[in-house]
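Work through the exercises below with the structure open beside you. Try each task before you read its solution.

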Amino acid sequence: MNPDASTIAAGAPIEVDLSPIAEGQDIKVFWRGKPIYISHRTKKQIDEARAVNVASLPDPQTDEARVKSGHEQWLVVIGICTHLGCIPIAHEGNYDGFFCPCHGSQYDSSGRIRQGPAPLNLPVPPYQFVSDTKIQIG
Amino acid sequence: MSGPSDYQPSNPALQWIERRLPIFGLMHSSFVAYPTPRNLNYWWTFGAILSFMLGMQILTGVILAMHYTPNADLAFKSVELIVRDVNYGWLLRNMHAVGASMFFVAVYVHMFRGLYYGSYKEPREVLWILGVIIYLLMMATGFMGYVLPWGQMSFWGATVITNLFSAFPSVGESIVTLLWGGYSVGNPTLNRFFSLHYLLPFVIAGVVVLHVWALHVAGQNNPDGVEPKTEKDTVPFTPHATIKDMFGVACFMLLYAWFIFYMPNYLGDADNYIPANPGVTPPHIVPEWYYLPFYAILRSIPDKLAGVIAMFGAIIILCFLPWLDSAKTKSSKYRPLAKQFFWIFVAVCILLGYLGAQPPEGIYVVAGRVLTFCYFAYFLIVLPLLARIEKPRPVPNSISDAVLAKTGSRSTPMVSTAIVLALAGSLLAGSIDSAKASEGSDTPPGNKWSFSGPFGTFDRAALQRGLKVYKEVCSSCHGLSYVAFRNLAEAGGPGYSVAQASAFASEYKVKDGPNDAGDMFERPGRPADYFPSPFPNEQAARAANGGAAPPDLSLITKARSYKRGFPWFIFDLFTQYQEQGPDYVTALLQGYEEKVPEGVTIPDGSYYNRYFPGHAIKMPKPLSDGQVTFDDGSPATVAQYAKDVTTFLMWTAEPHMEARKRLGFQVFVFLIIFVGLMYFTKKKVWADSH
């Protein structure tokens with residue numbers, strides 16, 4: 001009953017070109033049937049994410065731990081609400097991040113849970129930078 | 001109770017079998033000679049009603065499975081083809097979908113009856129627990145069945161429910177992967193759900209056999225809760241119980257048919273007429289009504305794991321009921337306090353169900369928490385406490401005493417009535433509050449439609465005019481991909497002849513191929529072809545329309561709705577109001593306003609529409625006066641266009657609506673006569689027993 005070979009093969013890593021994404025924009029790509037948000041964060045968004053007192057968060061994690069150093073402007077998260085799996089909407093809610101329309105969870109510009117029933121931050125998928133404008137997810 | 005039967009068939013062939021397999025004796029002692037308490041009321045016919053419903057679900061389900069395709073790309077379409085093209089497919093599908101709801105209506109009555117009359121008490125504990133197992137299996141089956149049409153609510157319901165299991169520490173993620181068969185809900189999930197949905201009803205049937213077996217060992221409970229002692233306390237199952245059950249089933253069929261023929265979509269969700277899209281979450285995910293109380297419990301607990309445990313606990317706790325309630329008196333008829341609390345508990349369950357359908361915000365969250373506490377308090381505090389402090393009234397010596405005395409000094413449960421009324425009042429007040437709060441998009445005004453009501457038919461001229469509006473205006477952006485040209489000549493449609501439909505089809509260019517050279521080519525349309533879509537795929541449609549793909553219109557009047565709210569959704573049950581979709585579509589087409597009201601900002605490339613949720617719609621004002629000329633001299637106004645094209649789209653959404661309502665009338669005439677005959681037969685059979 002575990003995933004079959006073709007499903008696993010279709011879940012191989014994908015490469016995404018970041019050059020067309022302007023600052024303040026984000027795109028949604030699908031990997032393993034899951035939506036992945038890639039946000040090109042503005043200076044303001046980065047500063048907001050870093051100004052937070054980490055200990056006060058429901059799921060404490062620094063912004064530095066959630067992005068790759070040297071590429072702070074890029075946030076890559078799996079866009080599945082950790083509450084019950086809906087897809088949050090980008091650029092909504094009170095924290096300049098994501099808002100889940102199902103049960104009202106709100107995530108900040110680092111994808112961390114700030115308000116609502118979700119227990120955890122939006123997970124960061126495994127990825128690395130192949131070049132400055134290209135990442136490989138998986 | 002059912003001792004060894006001394007039944008002997010008279011036919012020698014049957015005798016031959018009976019000596020080798022005593023099956024006729026078993027049937028005879030279980031369903032003919034079986035002694036049943038003579039004081040059973042109509043609440044006891046729900047066992048038979050449930051057996052009938054299980055049979056119906058299996059029968060219709062097996063036939064539906066012959067036409068259904070369990071594939072993520074084809075499932076939605078195959079269900080539409082069942083409804084449109086399979087002979088009486090619309091009837092099969094309505095019977096099966098409504099049947100699931102009716103099955104749960106009956107099982108809830110059956111369970112509350114057991115609760116009220118103490119049917120879970122010694123010696124019927126195993127019987128009760130088997131019932132809880134059946135209920136759990138029903139919930140699993142119902143959930144997986146709801147996923148199969150692969151609409152938006154199917155997909156997102158499946159996502160939310162399967163994610164519940166991820167709450168369990170360490171094993172959670174593996175369980176979810178096993179359920180999905182992949183990395184998210186997708187084709188493998190649909191396939192395994194289809195397989196299990198086909199399997200589980202037979203498992204239910206197996207447990208039902210055990211349930212009935214346990215029932216026939218312990219004997220039926222009865223409204224007075226005293227065990228039968230002598231012959232005088234019982235009557236033989238056949239004909240007494242048989243005829244009474246048949247009368248009960250016939251009455252229940254009236255309710256069932258009301259939904260099948262007149263309100264098939266009342267119990268469903270409009271979003272499920274939109275094909276599943278893993279990239280778009282519906283704004284408000286609601287499970288089927290029968291899970292709503294448990295969904296409300298889940299959401300009222302702020303912690304994810306605790307919420308999941310509370311939700312499952314709310315069902316599992318029923319298994320422990322025989323030991324939580326240790327009162328010796330079975331029937332609440334003789335327990336003045338338990339009776340009051342029972343009705344309060346019923347009200348709590350109904351209110352939890354109402355809350356489960358509301359958005360989790362403001363007063364609903366608080367009310368949900370209070371009611372969740374009440375739900376568990378009933379089992380964990382009230383029932384154990386009552387068993388110790390309550391002084392029950394004396395029970396009759398025997399069933400025949402009870403029947404003769406007619407202990408019918410019915411005292412109205414004053415306290416509980418007051419509480420139920422107060423709860424209903426606060427519910428009403430709360431919903432008015434929330435209606436005020438959500439004054440953002442206006443409620444579409446009601447219209448007079450020729451197709452509404454039990455005898456509604458389509459206005460042929462309006463359908464023809466609507467087709468013209470679609471062809472000349474809407475079709476440049478919106479597809480109509482589930483409608484074929486041949487449908488235009490079918491009964492109950494716009495009333496064109498076959499030749500007219502062919503001529504209409506030949507005006508279209510349809511892509512066909514590959515030919516012998518391997519190339520695709522274009523040819524004139526044939527009646528069997530479907531309306532061609534204006535864009536080759538969704539991405540092209542999205543790119544050409546500023547990021548918002550124009551939806552296919554085949555099902556639009558069933559896929560759009562607006563919130564009716566309390567108490568309208570209750571009145572709708574009786575008035576057969578089913579026209580939310582058409583009312584919304586026609587209002588939207590006329591809802592464009594040049595002047596944007598203050599306080600509303602409309603982004604560039606969007607237009608203000610009064611009735612569109614959020615008001616900012618990407619579609620520019622599609623209709624203007626004089627745009628389409630009608631041959632029959634109808635006014636060339638936006639109001640007329642909107643009404644005609646909505647009528648046409650109602651027909652495309654349900655081409656067999658006229659057949660549905662016509663057959664419904666015939667079924668009702670038959671059922672009413674049948675119920676009457678059953679009633680008088682039952683009266684005759686029971687004449688000496690009351």
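This is a predicted model: local features need pLDDT of at least 70, side-chain atom pairs count only at pLDDT 80 or more; totals for chains, interfaces and linings use all residues.

**Exercise 1. The surface of chain B**

Solution. Now turn to the inside of the chain. Buried residues make up 50% of the 690 residues in chain B. A residue counts as buried when its relative accessible area is under 20%.

**Exercise 2. The size of chain B**

Task: Decide what the radius of gyration of chain B says when set against a compact globule.

Solution. Start with the chain length, which is 690 residues. A compact globule of that length would have a radius of gyration near 26 Å. Chain B has 29 Å, which agrees. Next, look at the box. Along the principal axes, the C-alpha atoms of chain B fill roughly 85 × 70 × 55 Å. Finally, check the contacts. Take those between residues at least 6 apart in sequence: 77% of them join residues at least 24 apart.

**Exercise 3. The parts of chain B**

Task: List the domains of chain B, then its helices and strands.

Solution. Begin with the domains. Domain 1 covers 41–167 + 189–272, domain 2 covers 291–439, and domain 3 covers 460–663. The C-alpha centres of domain 2 and domain 3 of chain B are 46 Å apart. Then take the secondary structure. Chain B has 25 helices and six strands.

**Exercise 4. A helix inside chain B**

Task: Explain why helix α4 of chain B is described as largely enclosed.

Solution. Helix α4 of chain B runs over residues 75–84. Eight of its 10 residues are buried, so the rest of the structure largely encloses this helix. Name the buried ones: B:Ala75, B:Phe76, B:Ser78, B:Val79, B:Glu80, B:Ile82, B:Val83 and B:Arg84. Now find the cover. It includes α3 (46–67), α5 (89–116), α9 (187–218) and α24 (638–653) of chain B.

**Exercise 5. Backbone details in chain B**

Task: Find two cis peptide bonds and two residues other than glycine with positive phi.

Solution. Take the cis bonds to begin with. One runs from B:Glu122 to B:Pro123, with omega near 5°. B:Pro123 sits in the loop between α5 and α6 (125–147) of chain B. Another joins B:Thr238 and B:Pro239, where omega is about 10°. B:Pro239 is placed in helix α10 (residues 237–262) of chain B.

Now the positive phi values. B:Tyr88 has phi near 55°. B:Tyr88 is in the loop between α4 and α5 of chain B. With 53% relative accessibility, B:Tyr88 counts as exposed. B:Ser170 also has phi near 55°. Look for B:Ser170 in the loop between α7 (152–164) and α8 (172–180) of chain B. At 76% relative accessibility, B:Ser170 counts as exposed.

**Exercise 6. Chain A**

Solution. Along the sequence the pattern is α-β-β-β-α-β-β-β-β-β-β-β. For 138 residues, a compact globule would have a radius of gyration near 14 Å; chain A has 15 Å, which agrees. Of these 138 residues, 46% count as buried. The accessible surface of chain A is about 6200 Å², and 53% of it belongs to carbon and sulfur atoms.

Now A:His71. At 14% relative accessibility, A:His71 counts as buried. Setting aside neighbours within four places in sequence, A:His71 is in contact with A:Phe129 and A:Asp132.

Notes: Residues are numbered from 1 along each chain as its sequence is written. Chains are lettered from A and ligands numbered from 1 in the order in which they are written. Side-chain values use heavy atoms; hydrogens and water are left out. Domain bounds come from an automatic or database domain assignment. Helices (H or I, at least four residues) and strands (E, at least two) are DSSP runs, numbered from the N terminus. The radius of gyration is taken over C-alpha atoms; the globule rule is 2.2 Å times the number of residues to the power 0.38. Buried means under 20% relative accessible area, exposed over 50%, partly exposed in between (1.4 Å probe, protein chains only). Contact means heavy atoms within 4.5 Å. Accessible areas come from the Shrake-Rupley method with a 1.4 Å probe; for residues, only the protein chains shown count as cover.
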